[in-house]
Amino acid sequence: MPRSVMVCDGFLRSSLESPYMAEVVIPQGQSIKSAAVARAARIRGLAFSDALFHRLTQGAAIVVLLILGGVIVSLIDGSLPAFQKFGFGFFVNQVWNPVTKKFGALAPIYGTVVTSAIAMLIAVPLGLGIAVFLTELCPPVLRRPIGIAIELLAGIPSIIYGIWGLFIFAPFLQVYVQPFIIALFGNVPVLSSLFAGPPYGIGILTASLILAIMVLPFVTSISRDVFDTVPPMLKESAYGIGCTTWEVVRNVVIPYTRVGVIGGVMLGLGRALGETMAVTFVIGNAHRISPSLFAPGTTISASIANEFTEVVVRRVDTRNGSRLLISAPRSGQWITLDALEVEALTWQNARTLAALVGNSYAPLLPDEPDGREPQP
């Protein structure tokens, strides 16, 4: 195709004899050839920058995957002694007795799944409803204050939720809510077992409600942000053909933002599964499975937090080298774990480790090792 080139007043104009035109600015006194060389160098620089940016972002993504893989490998490696000792029966046994050294994870797994499921069943519909209200129905003067109030819930420390739940929310449930529900469903099949037992106040249901309150701002905030990304033209077109607000939300907003909403729900689920302190305060910390939601229970994170305080660490120097001795204060027995031999660990570090465990036995450790293994 013939090409025409025009140079006028310092401009080079090239076209393919079509309405589309390309213009390249050439400074006065510079030849067309030197301008082309400079432009090629600029393009190579941009290509190098793009390639460098691509490699950096790719490396960041790979680092995240490596960290996740390292965490998984570390967890598997740390769990091997438990599998070797208890086998896969560890997952189906609910006995937890440090004295007899019998442990099972079924009760914590059950409590984690049930509390998280109930919390998500409450928080997800409520959070989506609040997000729809803020983006579609809320008056502009109230939209910002309500949004800020909801987001402030995410900034409250979990320990505050736990204390509030233990001293205010749980007594309220014990006095007013749980007795009413027990009387209401006392003669209803299935529900009578689900809401049976004395009104403790604390328990699975209380922990689930606390988790729902903690998860709500995450689901609401993310859902509101992704709802705001829906092009107004799509919603106006739906309104223009006679759709109601509910139909616009169901057929336009939700399908368009489905991926973002699922991401918000997964973020909230992760918070519910991993929450420790708030759940520890109000769940009751009982290693047993009960069909009643009012009964005490435990979760994986709560069990870790509770049992970790039962450890006392001591290092002794023997003829076979240095070893860490771990003691459970409840049983009063010292247990030698050969797998935790640490030749490079100093005695002061052992005392520091014992202090970090957070129990009253740490100050009782002697300042220097006596070279003798302690007696039970």
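## Exercises on helices and loops

Leu234 sits in helix H7, residues 232-240, where helices are DSSP runs of H or I with at least four residues, numbered from the N terminus. The model is predicted, so local features need pLDDT of at least 70 and side-chain atom pairs count only at pLDDT 80 or more, while totals for chains, interfaces and linings use all residues. Residues are numbered from 1 along each chain as its sequence is written, and side-chain values use heavy atoms, with hydrogens and water left out.

**Exercise 1.** Work out which residues Leu234 is in contact with, leaving aside neighbours within four places in sequence.

*Solution.* Start with the cut-off: contact means heavy atoms within 4.5 Å. With that, Leu234 is in contact with Val252 and Tyr256.

**Exercise 2.** Is Lys235 buried or exposed?

*Solution.* First, the classes: buried means under 20% relative accessible area, exposed over 50%, and partly exposed in between (1.4 Å probe, protein chains only). Lys235, also in helix H7, has 15% relative accessibility and therefore counts as buried. Then list its partners: not counting residues up to four places away in sequence, Lys235 touches Glu136, Val230, Val248, Val252 and Val253. For Leu234, the relative accessible area is 39%, so Leu234 is partly exposed.

**Exercise 3.** Describe how H2 and H3 pack.

*Solution.* Two packed helices are described by the angle between their axes and the distance between the axes. Here H2 (residues 106-137) and H3 (residues 140-154) pack at about 155°, with axes 10 Å apart. Angles over 145 degrees count as roughly antiparallel, and H2 and H3 are therefore roughly antiparallel to each other. Now find the residues that meet: Ile130, Phe133, Leu134 and Thr135 in H2 face Arg143, Ile146, Gly147 and Ile150 in H3. By class, this contact of H2 with H3 has 5 nonpolar, 2 polar and 1 charged residues; Ala, Val, Leu, Ile, Met, Phe, Trp, Tyr, Cys and Pro count as nonpolar, Asp, Glu, Lys and Arg as charged, and the others, Gly among them, as polar.

**Exercise 4.** Where does Val190 lie, and what is its phi?

*Solution.* Val190 lies in the loop between helix H4 (158-184) and helix H5 (191-194). Its phi is positive, about 70°, although Val190 is not a glycine. Finally, check accessibility: at 64%, Val190 counts as exposed.

Notes: Axes are lines fitted to C-alpha atoms, for helices over the stretch in contact, and angles run from 0 to 180 degrees between N-to-C directions. Helices (H or I, at least four residues) and strands (E, at least two) are DSSP runs, numbered from the N terminus. Angles under 35 degrees count as roughly parallel, over 145 as roughly antiparallel, 65 to 115 as roughly perpendicular and the rest as oblique.
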